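Subject: Structure handover

Hello,

Please find the structure below. My notes on it follow.

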Amino acid sequence: AYNLIYTDALQRVTPHPGETLRLQSRSGPPQSFAVRTLSIPAYKGDVSAQLTFMAARMIDELQAQYPGFIWRSDGRVNVNKQPGYQIVFQANINGRTTYGKRVMLVPGPNPPPHSGLDMRSSTAARVKNSG
């Protein structure tokens, strides 16, 4: 279970297969936010270490999925005291430079979690008016 607050700039739309939630921009540059269930394979030790290994595979998948993929950063995050890991990237999506973020979030380190959330967001770059 999770809760989310968002502005009127986004509207809830029918989720794609495998998603539990999808939001998209109403107008302006395309923006999206989607949530999937994250399944964490068996591991020993700190969940953050396991998320780090999972992120390496996800970066490879993102590179294969998006033309012009550029990895920008990745690292541990905490959202409302919940541990996680994020990947920040740039890609060419539908002919537009797009900035994306993929965040894996788990309910806490104790007991060791085996599921969580896989949140994906993207924002297309605004085209500046040269006039």
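**Contacts and overall figures**

Of the contacts in the chain (heavy atoms within 4.5 Å) between residues at least 6 apart in sequence, 39% join residues at least 24 apart. This is a predicted model, in which local features need pLDDT of at least 70 and side-chain atom pairs count only at pLDDT 80 or more, while totals for chains, interfaces and linings use all residues. Residues are numbered from 1 along each chain as its sequence is written, and side-chain values use heavy atoms, with hydrogens and water left out.

The C-alpha trace spans about 55 × 30 × 25 Å along its principal axes. The chain has 131 residues, and 37% of them are buried (under 20% relative accessible area; exposed means over 50%, partly exposed in between, with a 1.4 Å probe and protein chains only).

**Fold**

The secondary structure comes to one helix and seven strands, in the sequence pattern β-β-β-α-β-β-β-β. Both kinds of element are DSSP runs numbered from the N terminus: helices are H or I with at least four residues, strands E with at least two.

The seven strands form an open sheet in the order β1-β2-β3-β7-β6-β5-β4, with antiparallel pairing (two strands pair if DSSP finds at least two bridges between them). The edges are β1 (10–12) and β4 (70–79); each has a single partner strand, so one side of each is left without a neighbour in the sheet. On average, neighbouring strands are turned by 20° against each other, direction ignored.

Helix α1 (residues 47–65) lies across β3, β4, β5 (82–93), β6 (96–105) and β7 (115–124), and runs at about 10° to β5. Axes are lines fitted to C-alpha atoms, for helices over the stretch in contact, and angles run from 0 to 180 degrees between N-to-C directions.

**Strand pairs**

- β2 (residues 19–25) and β3 (residues 31–39) are antiparallel, with five bridges. Leu21 has Val35 in β3 as its bridge partner, and Gln24 has Ser32. The two strands form a hairpin with five residues between them, and Gly28 in the turn has a positive phi of about 75°.
- β3 and β7 run antiparallel and are joined by nine bridges. Ser32 stands opposite Ser122 in β7, and Arg36 opposite Asp118.
- β6 and β7 also run antiparallel, joined by eight bridges. Tyr99 has Thr123 in β7 as its bridge partner.

Asn94 sits in the loop between β5 and β6. This residue is exposed, with a relative accessible area of 79%. The C-alpha atoms of Asn94 and Ala55 are separated by 24 Å, and the two residues are 39 apart along the chain.

Regards
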